[in-house]
Amino acid sequence: MREVKVDLGEKSYSIYIGYGLEEELQAFVRRAGFSPKALLVTDTNVGPLYGSKVKKLLQAAGLQVEIAQVPAGESSKCLAVAEGLYTKAIELGLDRKSPIFALGGGVVGDLAGFIAATYMRGVPFVQLPTSLLAQVDSSVGGKVAVNHALGKNLIGAFYQPKAVFMDLALMKTLPKREIYTGLGEIIKYGIIYDAEFFAFLEQNQQAVLSLEPEAATHMIARSCEIKAAVVSQDEQEAGLRRILNFGHTMAHAIEKETGYVRYNHGEAVAIGMAGAADISVQLGLLPADAAARVNRLIAALHLPVQAEGCTVEAMYKDIFHDKKTVGGKVNWVLMTGIGTVISRNDVPEEVVKRAMAARISR
Ligand SMILES: NC(=O)c1ccc[n+]([C@@H]2O[C@H](COP(=O)([O-])OP(=O)(O)OC[C@H]3O[C@@H](n4cnc5c(N)ncnc54)[C@H](O)[C@@H]3O)[C@@H](O)[C@H]2O)c1
Ligand SMILES: O=C(O)C(=O)C[C@@H](O)[C@H](O)[C@H](O)COP(=O)(O)O
Ligand SMILES: [Zn+2]
């Protein structure tokens, strides 16, 4: 078992990484001081696979657990589904010390975290991530949100979990495409922070794609270490944390323009990272061969570098709803090498539009 700490003073917590982790989860629950009534939020794919097993584990640790199952998929990250969960929490009589557990991918984690942040102005929240993307990214760092018709994650909060338990064994049922999507965010960590990690991904493609235990444990733990280091220094994205958003300016526009269904998040991030690398080359910040390395790794890990179903004009409008846009200026995270990025808010419109056009396939 590996443990990574997110260091945030009184809000600090541990991420536990390993195969199983039942005893660690139960020991944590027994010492947490929660009220007995708990809500376990999951989705219609993960619930039938793991819901009752986790419910029994939590019950054996002293909780009375109700399962709330939401439809699988990005469309559940919305206020209408949140409303149903608030009703359930009120009807169950959850109080301020009642824990909410998120068992699922990033959709369940972001949604359940948003409920935990807002129900009674905040109740304890525990992440039990089951997808690769959720284990390397969404379950750590406390960004919780739902989408709005006008943009991704626009209604949300920073709300840290009390702990995160990553059971790698749960990923045996994860569809291949969902492994690839998690790899999108994993490549991001190499680009923004750690050239050696980027090279590890280049050199261990088969082990990485098949989640071979040693490679999977390394890439999940390293991703969590990087995210924890960044979040510990800048919890609310005043500056440094923006680097975790590398590739997301275009990604969120692609997700919105394609109705949140055509591309899943990690695929959109892959296309957005290729776009951000392209802008970096156009501005003379990055040698073209480094951008080519990024595109090669993305493609080798079964991710797209171009999107269908978008237009430059629509995407360009969307980026002004990006949360990194301040005073009408988009803060782009751009590459200066593999492993190093900077933020720039002076990228000319024609440079952005040229990069977007190159990311659209017809
Ligand atoms: N809060 C953050 O910091 C953060 C970071 C990155 C992404 N996100 C958000 O996370 C979401 C994407 O997360 P995701 O890729 O996990 O999507 P997801 O939650 O939709 O999960 C992907 C699919 O895999 C299924 N699944 C999950 N675990 C499974 C398992 N063990 N076995 C079988 N099926 C399983 C789910 O039911 C779903 O169909 C997006 O909404 C994105 O915006 C948030
Ligand atoms: O944790 C962060 O900070 C991130 O930016 C991680 C991203 O991978 C994630 O997709 C996040 O939800 C995007 O945040 P947003 O603030 O652009 O909605
Ligand atoms: Zn992301």
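Q: What domains does the chain have?
A: Keep in mind that this is a predicted model. The domain assignment gives domain 1 (2-173) and domain 2 (176-358).

Q: What separates the centres of domain 1 and domain 2?
A: Taken over C-alpha atoms, the distance is 25 Å.

Q: How many residues of each domain are in contact?
A: On the domain 1 side, 29 residues are in contact with 28 residues of domain 2.

Q: Which elements supply the domain 1 side?
A: Strand E1 (2-6), strand E2 (13-18), H5 and strand E8 (151-158) each supply at least two residues. H5 gives the most, with five residues.

Q: And what classes are the residues on that side?
A: The side of domain 1 that touches domain 2 has 15 nonpolar, eight polar and six charged residues.

Q: New topic: ligand 1. Which residues come nearest?
A: There are 33 residues around ligand 1, and Asn 45, Gly 105, Gly 106, Ser 131 and Ser 138 come nearest.

Q: Which elements give two or more residues to that shell?
A: Five helices: H2 (46-60), H4 (106-118), H5 (132-138), H6 (176-193) and H11 (265-282). By class, the shell around ligand 1 has 10 nonpolar, 15 polar and eight charged residues.

Q: Which domains does the ligand 1 shell draw on?
A: Domain 1 and domain 2 each give at least three residues to it.

Q: Where does UniProt place a binding site?
A: The unreviewed UniProt entry puts "binding site" at Glu 185, His 248 and His 265.

Q: Why do they gather at one spot?
A: They span 81 residues in sequence, but no two of their C-alpha atoms are more than 10.1 Å apart, so they gather at one spot.

Q: Is His 248 buried or exposed, and which helix is it in?
A: His 248 is buried, because 25 other C-beta atoms lie within 10 Å. His 248 sits in helix H10 (residues 248-257). Leaving out residues up to four places away in sequence, His 248 touches Val 269 and Gly 272.

Q: And His 265: buried or exposed?
A: His 265 counts as buried, with 25 C-beta neighbours inside 10 Å. The place of His 265 is in helix H11. Again not counting residues up to four places away in sequence, His 265 touches Gly 106, Leu 133, Thr 181 and Glu 255.

Terms used:
Residues numbered from 1 in each chain as written. Chains lettered and ligands numbered in written order. Predicted model: local features only at pLDDT ≥ 70, side-chain atom pairs only at ≥ 80, totals over all residues. Near = placed C-beta within 6 Å. Helix = DSSP H or I, 4+ residues; strand = E, 2+ residues; numbered from the N terminus. Nonpolar A, V, L, I, M, F, W, Y, C, P; charged D, E, K, R; others polar. Domains from an automatic or database assignment. UniProt positions renumbered as here; feature names shortened; annotations may be inferred. Buried ≥ 20, exposed ≤ 12 C-beta atoms within 10 Å, placed from the backbone. Contact = placed C-beta atoms within 7 Å.
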